[in-house]
Amino acid sequence: MKICERCLLPETHETISFDARGICSVCQNREFRNEQIDWDSRRRVLNGIISKVKNSSDYDCIIPFSGGKDSSFTLYFAVRELGLKPLVVSFDHGFYRPNMLANRNRVVETLGVDLLTFKPNWLMVRRLMLQSLLEKGDFCWHCHTGIFSYPMWIAIEKKIPLLLWGETSSEYTSYYSYEEDEEIDENRFNQIVNLGITAIDMKMRMGDEFNERDFKPYLYPPKGMLRESKIRSVALGSYIPWDPREQSKLISKELGWSGDEVEGVPPEFNYEKIECYMQGVRDYIKFRKRGYSRVSHLMALELRKGAVEKKAAQDVISAYEGKRPASLDIFLQMLGISETEFERIIKEHRVDPWDDKVTIQIGKKPRDYEAWQTKPSLPAEESGRIIQNFRSGSIDS
Amino acid sequence: MIHIIGAPSSNAKAVFYAYRELGVDCKIILSPAELRNSNKIVLPGVGAFGALSDFLHDSRFIQPLRSLLDEGVKLLGICLGMQILALESEESQGHKGIEVFELKCKKFEGAKLRVPHTGWDQVSITSNHEVLEGLTAEFSAYFSHSYYLPVQTDLTLAVTSYGAEFTSVIAKRNIFGVQFHPERSQSNGRKILSNFADW
Amino acid sequence: MNVLYRRLIPKILVEHTSGLDPSAFRSILTRSYKPFRVVGEPLSQIRIQQSNLVDEIMLIHRNESKFDSSFCDLVLKSCELLNTPLSVGGAIESPAQAKMIFESGADKLVVGRHRGNIALLEDVASNHGVQSLAVSIDYSSKDISSGAEALWERELSLGYLSLAGEICVNNISRDGQGVGVDLSLIGLIREQTTVPVIVGGGISNVSHIAECFRMGCDGVTLSTFLSQSDQNIRQLRSHLSSLGIHIRTRN
């Protein structure tokens, strides 16, 4: 596989391309970011946006919150730097880890903000996980779409004029460049978030097993509605330079935010993706589909900063990446599928030219593994039927 | 209010929807009487030079249009709607254009050249203009035509290379023309339509 | 450059839903042209594809027997939200039907089964221009069993070649199977005409697509691949560009 000369990301990384030097588009974008962005003028733009919304409604803005480093930092910045009164909205995807919940309490209690949590119907969530795994080799559809859609509905309902998100996608991919205005809107939703499937599409793909009301948390509000409500949705990372490592140090110090042991990730990156106990399975599936995963991403960031040498980065990747996570057992049980069936499904989603010819090692159980809830599982016969139906073409003639 | 001239077979509707999506007030007009009080006009065109020329002459659009243009009313010509601003075209001998540009439209020639020029191609900006604000120096746009306007140094603002270099954007005072279809050229096209509305 | 950018064209195949609303359509996938899976709501899918920087969208009505005028409403609604070229096909048999489709906002008509109807094609070409007419050759392995030359001779004898602004080539047997594209006709078409060629049927990875472009195809249609893989047009663009294909990577 072709890889970037600087950051080692492979050609199977989504939207990556390479220039004549063999440097990838994400690195090139980063060059622009470091050299050409006038952060002062960007900050002034942010100040302008803020001044329009302050005191205009019950809350100045919504901060969508996962308990991870990015949303925790965004909340901190909104309250302490921008002096806003936010409504914190937490979409509970079902897999919060104990430390994340403790973080959330510490963060919101230290800052003094109102928090709204929404936990969608689990019976529907597990069904959506299986469907999206079959359709796209990615079981997180409910989470991607819920996180980005649900807070928009709250904004409409409560007439809150602004949603403030965390980092921009240009930190990781080339869908948007730093020069472009990355509005967190439906256009972005359709490219980066929903795997090419809206709530309406998913409802139809599942043969109307669930209805329109059930799908509302995953439905992005229509453009007309958002325009009428005059709601703006932007990323803080468009206006200030993003630095996850420094930011997590800051929130640890100021708010008592704590990192955690993360499946398959080197311990020095304990600030990374701590909020979901299905993260290990997600990373593993990505590795099997594309031949790289979270550790490669983390090393890429370090390589771009010049904080590590290529050989050392390669060693870290080899040592940590691609191990079968302990959480896979929980995942398989939850969805009522065997590992053989799982293998069969993910093979169908392999991305060229990665050949998935690897010997898989076993990863160790993180310290809070036993606390990871086993929820009501999809019975094996039911998931078997769903898979059989899907494979044979579930269309009614 | 943008007035879009709805010649038969033109895709005036597509331009209308594009402006509506941008939140700009617009209306498709079918007769010259509706042109009174126009302060911005769009002339989309699809099909043959002769057919559009006939329509504009027969429906008596030519005189009112020329007056408004003389008064300084701004006009955007799209594809054939840009070509019709010329003197004539090799396509339909004997038919006259609106004669704003002292140019003649020519046919793409070339043994291996595929005609019509249909698809996405690169536009290279040679001179800046308010209506091109925010576009990169080279941008892609959607074309669909067999005839073209040759390059005219003082009028051509952007070129595309296909067989020969031809005019993809042209302007003269209050008149702006694009050979490609901004209503089909995604964000680049939307930018041009939006800039024209603000111009 | 005398070469246009290569095109990535999602094919959105629609049919009526079996529900109560007679004007409701759904978008589906097929395998060897037989209905296989539901993809979703056509306008929703069109919006998604437009966000993903497609070059063109092909909207095809699967109706087996006759022209469906409620389809024109769908075309109209699609045009209201599109600023991307739209090609439309679906059992169009007469000039009047073709006119309805163009008036609903289509940029191009795709004619398949009736491509031998020279009167229809002549009417479309003269009223709307040759560039607004695409002719679709859909063939099974049986049709090509006597060889690509024989198949192409039969097509030539139908007499439409001078009227077609574009030729679409689809191997029915490979449709939805993900086994790669049948390029056996492409060489012939490339040798004997200058008409743009769009190919489809069987794409399941980026190297299939790259191969089509290297053989001289101007565009590829994608259906199953886009709906059933964790890849999208944006990703394909970057990947193809890295492989040296002349393709847009941004608008």
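1. A residue is termed buried here if 20 or more other C-beta atoms lie within 10 Å of its own, exposed if 12 or fewer do, and partly exposed in between, with C-beta atoms placed from the backbone. By that criterion, strand β6 (residues 108–111) of chain C is covered on both faces: K108(C) and V110(C) on one side, and L109(C) and V111(C) on the other, are all buried. Helices (H or I, at least four residues) and strands (E, at least two) are DSSP runs, numbered from the N terminus.

2. The model is predicted: local features need pLDDT of at least 70, side-chain atom pairs count only at pLDDT 80 or more, and totals for chains, interfaces and linings use all residues. Residues are numbered from 1 along each chain as its sequence is written, while chains are lettered from A and ligands numbered from 1 in the order in which they are written.

3. On the surroundings of β6(C): strand β5 (residues 86–89) of chain C pairs with β6(C) in the parallel sense over 3 bridges, where pairing requires that DSSP find at least two bridges between two strands. S87(C) has K108(C) of β6(C) as its bridge partner. Between the two strands the chain passes through helix α3 (residues 95–103) of chain C, and this β-α-β crossover from β5(C) to β6(C) is right-handed. A crossover is given that label if, with the strands pointing away from the viewer, the path from the first strand over the helix to the second runs clockwise.

4. β6(C) also pairs with strand β7 (residues 133–139) of chain C, in the parallel sense and over 3 bridges. Here V110(C) has A134(C) in β7(C) as its bridge partner. The chain goes from β6(C) through α4(C) to β7(C), and this β-α-β crossover is right-handed.

5. As a whole, chain C contains 9 helices and 10 strands. Its C-alpha atoms fill a box of roughly 45 × 40 × 35 Å along the principal axes. The radius of gyration is taken over C-alpha atoms, and the globule rule is 2.2 Å times the number of residues to the power 0.38. For 251 residues a compact globule would have a radius of gyration near 18 Å, and the 17 Å of chain C agrees with this. Buried residues make up 58% of the 251 residues in chain C.

6. Two residues are in contact if their C-beta atoms, placed from the backbone, lie within 7 Å. Of the contacts in chain C with a separation of 6 or more, 65% are between residues 24 or more positions apart. The corresponding share in chain B is 66%.

7. Chain B has 5 helices and 12 strands, and its C-alpha atoms fill a box of roughly 45 × 40 × 30 Å along the principal axes.

8. In chain B, 9 strands form an open sheet of mixed pairing, in the order β2-β1-β3-β4-β12-β11-β10-β7-β8. Its edge strands are β2 (26–29) and β8 (138–145) of chain B, each of which pairs on one side only. From one strand to the next, the twist averages 25 degrees. Angles run from 0 to 180 degrees between N-to-C directions, and axes are lines fitted to C-alpha atoms, for helices over the stretch in contact.

9. T118(B) stands opposite S144(B) in β8(B). Helix α5 (residues 186–198) of chain B lies across β1 (2–5), β4 (74–79), β8 and β12 (175–178) of chain B, and runs at about 90 degrees to β8(B).

10. Among the 2 pairs of chains in contact, chains A and C share the most contacts. This contact takes 35 residues from chain A and 33 residues from chain C. On the chain A side, α5 (122–136), α7 (186–193) and α8 (199–205) of chain A each supply at least two residues, and α8(A) gives the largest share, 4 residues.

11. In the other contact, 23 residues of chain C meet 27 residues of chain B. The elements giving two or more residues to the chain C side are α2 (70–81) and α4 (118–128) of chain C. No contact joins chain A and chain B, whose closest C-alpha atoms are 10 Å apart.
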